[in-house]
Structure formats: C-alpha cells, structure tokens
Amino acid sequence: MRDGESDDPSTESGGEPAVTEERRRTRHRDNHGHRADGMDPERLRYFTQPAEGSSSTRHRRRRAGQAEPQPGTPTPPLRGGQADPNRRATPVRIPPGGQPPQPPRAQPAAPPPPVAPRRPVSPPPPAPTPPPTTPHSPADLEPEYLEPRYDEREFSDVDVEEPAYTEPVPVAPRGHRGRDEDDWWPGADDAEPSPEPRRPRRRRTGANRKKRRVVLALAVVFMLALVGGVGYYGLRATGVLESRKDYANTAGVSDVIVDIPENSTLADFGNILVDADVVGSVRAFIDAADGQPISGGLYKMRTQIPATTAVEMLTDESAEHRVGRVVIPPGLQLDSKTGVDGKITPGIFQLIQNATSTEVNGQSEGVTVAQLEEAAATATPEDLGVPEWAKENVASMTGDHRRIEGLIAPTTWERVEPDHTAVQILNEMISKSGVMFDQWGLVDNNKSGLAPYETLVAASIVEREVRHVEDAPKVARVIRNRLDEDQRLEMDSTQNYTAAVTNIDVHGEAYKADNEWNTYRYKGLPPTPIAAVGVPALEAMLDPAPGSWLYFVTVDTAGTTLFANTFEEHKRNREVACRNKLVSTGCA
C-alpha cells in the first residue's frame, strides 16, 4: 500500500481516502529508516491531505520521469471512479473543526464529490495515551499523534508568501549522558549550555546578627583597652604618673646588699633600689643621679635613705660600699708577697677576702684567706671547676694550695658573692677562667709545641720576666730553645716564687733553695704556673718569635732587655746591668 492510500472502506467519493486522525499522522522517517517520534509540531503542518487539482510542487521534489499535465487539460478518471495514481496531490491544510478550503480553479468543472466530515477530535488528556485505531491501521505501530496548530492566514483565498522555514535548534542537555541516539538532530550539539544559576544570597538570621553585634562589641572593648594601656604607659614613661616620693633620713634604717646588673640604665637602678626600699621612688633617684654613669655590681646600701645619699654611695671613688669586686692584674700570685723594699703585694686570696668580707646588720659575710687556701688544697678538681687539660696536674699536687696557681685569669671580677663558700667562689672563678683561656687559643691555636698546661706554665714565666710587651715573644723563644737543648732555665722569677722576699738580684739562700720551682737547680718547667697569665704573655708563648737566643737580661730600671746567643755575649750584657747598679751579684 502506497503512502497516502488506505484500506479503510470509509473513503470520499472519487476514491480518495477519508481524512482521519490516523491519516493525518506524519510519516517522517529519520536517517536510519525509523519513524521519528517526537516530531516538532511546526513541521507537521507541511504534511497534510492532498486535494484534487492542487499543485503538487510545494515543498516536495518532483518525481523523476513524470510529466506535468498542461493547464486546462482534463484528467481522465480511472476505472471505478478513482483518480490517476501518477498524479501528485497538492497538500491542503485542514483547520481544526472546519472543512478544507477549495483551491481556485482555472475553469469551471464539475462539483467535487462531497467530503466526509472530519471526526471531532477531543482535547488530549493530561497524560498522553494512544487513541484507538482500527485493527489493521498502520497507526497501531506509530506513536501518539500531536495535534498541530494552524494559522488562519493559511486558509485565506489570497495567496500569502510564507516566510522561509527555520529549523528549531533544541538545547542539548548538559553533558553527554542521558541523550538518546534516536532523538538527535542537526544543531543539537552546537547549542551553548545554559549558565549555572547564581547561588542565592543567604539572608542573615537573628543568630547571625546577634553574633555580629557580640564580635563588634568585643572589638570595641579591645580597642578601648589598647588605647588606655598605651596612654597609661606613655604617661608613665614621661613621668606624669610617677611618684616623686623621697626619704629624708641620711642614716637610713638597716643594711642591705643590692645587685645591679651590668649595663643597667638609671631607671633600672631606680627600680631595683625601690624594690629594696633604699629610695622612695624611681623619679627621685633619676633626678638625683642627673645623668651621671654608674657601674653595676654588688653594693652594700642602707634602706630608706634620700636619693642623693644613695647616688653618693654608688659613685664613691674609694668603692667603700662596693662588695664582691675583685681586680686581678696580670702577673699576680695566689699568695701575698713582700718586696725587697718592704712593700707587701696582696695576693689573689687576699683580694677575694677583702672584696667579700662585710658586715650586714651585725653579721659577718665573706671568706677568709685560710678558707680559700684549704679549699684550694683539698677540694677535688671537679669541685674546683678545673678544666680537663689541667686536672691531672692539679690532682697530683693535692694538699698544696699552689696547685691552682695560674688557673684564675687576670680580669675584673664584678660580683664575687659574699654569702658563697670558698669552694663555690673558687669554682666560679676557675671555671670561667677556663672558658677565657679557650677563647684566647690555649687549646686550639697552640704553636709552641707544648701541652696546654705546660704552655700556661711557660707563659707565666714570660709574664713575670718581661717589662715590655714587645720583648715577650723573644723571651718565649729563649724558654723554648733552652727546653729543646735540655738546659736549665735559670729564671729569677721561678726562684722568687717560693722566696719570702722577692728580689730581682737572686743570691744567697734563695739561690740555693731546694724546691721544684727553683729552675737554677732543676731542669725543665716548674710544676705549676708562677702567676696569673695575661693575653700578651700567653699569645707570645703560643707562637714564639723565631731566633736562636739562649740568654736575656734586664739592664736598667726602665726594663730594657738584651738578648744573646752565647754565654760570652750574655756576660757582656750583664755587665751593663752591673754598671747601672740594677744587680750586684756576679759583678766585678
């Protein structure tokens, strides 16, 4: 059965099939030969029932090899009143609920046979369901028909040029998933996806507004506190809010030891003195000091005294009120020495006693020379803070306080605590001196060829023999050369170490003294250093000057020293000292 024909017995006169709902369904097929369900209704209006005598050239291609009849030539009917099957019918649009319009004819003709009225079509239900069809109708195999919409201009007797049809471009769903292969048509993939909808702004709730107010209130409180604190400390720094309280009793109430750190400002001094109840206020002390520098350290003060009196006690040149300050010069020994002129040179132990001995509110504090000697002779090297490179030598001389000679470096000790024991004081001074010796290169920068402790012993001889620093490297070379030659050092300084009276002109019993420090009798270095070693003497012994000298002698009171390679040359140099009456022993 060809397209456009029906086997339904209900047909129009002339053999044309009746216009039925099934008849008007589209016969469009897709590229695969399947019927296209879901055809756009706008396209359905081009596929309608043909009418007799209408042109068949609109929106269709001419069939190949078919001649078009001349105008005015009647078409002979076929047998049985049917129309010519080779003639193409012109599609006619049938408006809903009406009869198809009759096209104008070129010449009068017989009236067309009556056309059966179109069955009324009920509106489609909400859920589309297929309408009933005849048992043998092709609609049984087709999807549900959608009623097309019509424009009344299509049924006008005046030919109106219709606009060119534009293929609608459906919007493809987002992504490639979910697209049916049969639903594709050209342009579907060319459509631009719709933009994501903007996320609606959240409306502030009552809780959010309350939280915001709390945060704002806290920020305001914080800013007020910050401004108030800055203002308070600013006014305090400028002295506006400071107290100017001051005491009037110059005698004070009681004794107190105050500890002022080094590099303290006048404000630091004032705060410490106020805490110790020495002065009444920081402002009163700063005004009394008037910008003059004051050294830190331990001071014995009186409580509740005027600020001017406190400044006088702190700046006294005699350092009468200074406690625990020990100044150890290079070349000083542990024991006090009496010179040939009768002058006594206090030793290191005596200086420590003088610095720590004080009376605080009727009670004595500090250590004595006897306590220091006992601690130096009996305490273990570990308790005394002896460095590793000297422990063996110190331990071998247990019982002799001179075993720690030279282990206390010459420097200014600002605070030796008066309430500490002798062992504690020695431990603090020796351990800190060990650090200083390491910094001066005794261990890591030693080019003398001697062990660290031996180098310190030799450097102590240089310290006691030399009057001018420039002579120190030469004296160090003499010591080094004599040790290499296995020759006795014969140094006056080593003999005077054990003498009751020190004298540069060694003679008599001092010359014959039988002890290991007497280098006139014993070869090699003495068992311990003979004095505190300063930096120049130590550096000279760490790196002696090059030379072959074996002798030297000081020839005048100015400290002029002459060096010689041979003993004959040395005797001539010593005659110079005799002429200058610096020495008398051995002179002609």
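This is a predicted model: local features need pLDDT of at least 70, side-chain atom pairs count only at pLDDT 80 or more; totals for chains, interfaces and linings use all residues.
**Strands and helices**

User: How do strand 7 and strand 12 pair?
Analyst: In the parallel sense, over two bridges. Strand 7 covers residues 337-339. Thr338 sits opposite Val501 of strand 12.

User: Switching topic. How many bridges join strand 3 to strand 4?
Analyst: Six. Strand 3 is residues 255-260, strand 4 is residues 297-302, and they run antiparallel.

User: What's the partner of Val258 in strand 4?
Analyst: Tyr299. Tyr299 also has a bridge partner in strand 5, namely Arg322.

User: And strand 4 with strand 5, parallel or antiparallel?
Analyst: Antiparallel, with two bridges. Strand 5 spans residues 322-323.

User: Now helices. At what angle do helix 4 and helix 5 pack?
Analyst: About 55°, with the axes 8 Å apart. Helix 4 is residues 282-289 and helix 5 is residues 307-314. That angle makes helix 4 oblique to helix 5.

User: Is the crossing left-handed or right-handed?
Analyst: Right-handed.

User: Which residues make the contact?
Analyst: From helix 4, Ala284, Phe285, Ala288 and Ala289. From helix 5, Ala307, Thr308, Val311 and Leu314.

User: How does that contact split by class?
Analyst: Seven nonpolar residues, one polar and no charged ones.

Methods:
Residues are numbered from 1 along each chain as its sequence is written. Side-chain values use heavy atoms; hydrogens and water are left out. Two strands pair if DSSP finds at least two bridges between them. Helices (H or I, at least four residues) and strands (E, at least two) are DSSP runs, numbered from the N terminus. Axes are lines fitted to C-alpha atoms, for helices over the stretch in contact, and angles run from 0 to 180 degrees between N-to-C directions. Angles under 35 degrees count as roughly parallel, over 145 as roughly antiparallel, 65 to 115 as roughly perpendicular and the rest as oblique. A crossing is left-handed if the near helix is turned anticlockwise from the far one by less than a right angle, and right-handed if clockwise. Contact means heavy atoms within 4.5 Å. Ala, Val, Leu, Ile, Met, Phe, Trp, Tyr, Cys and Pro count as nonpolar, Asp, Glu, Lys and Arg as charged, and the others, Gly among them, as polar.
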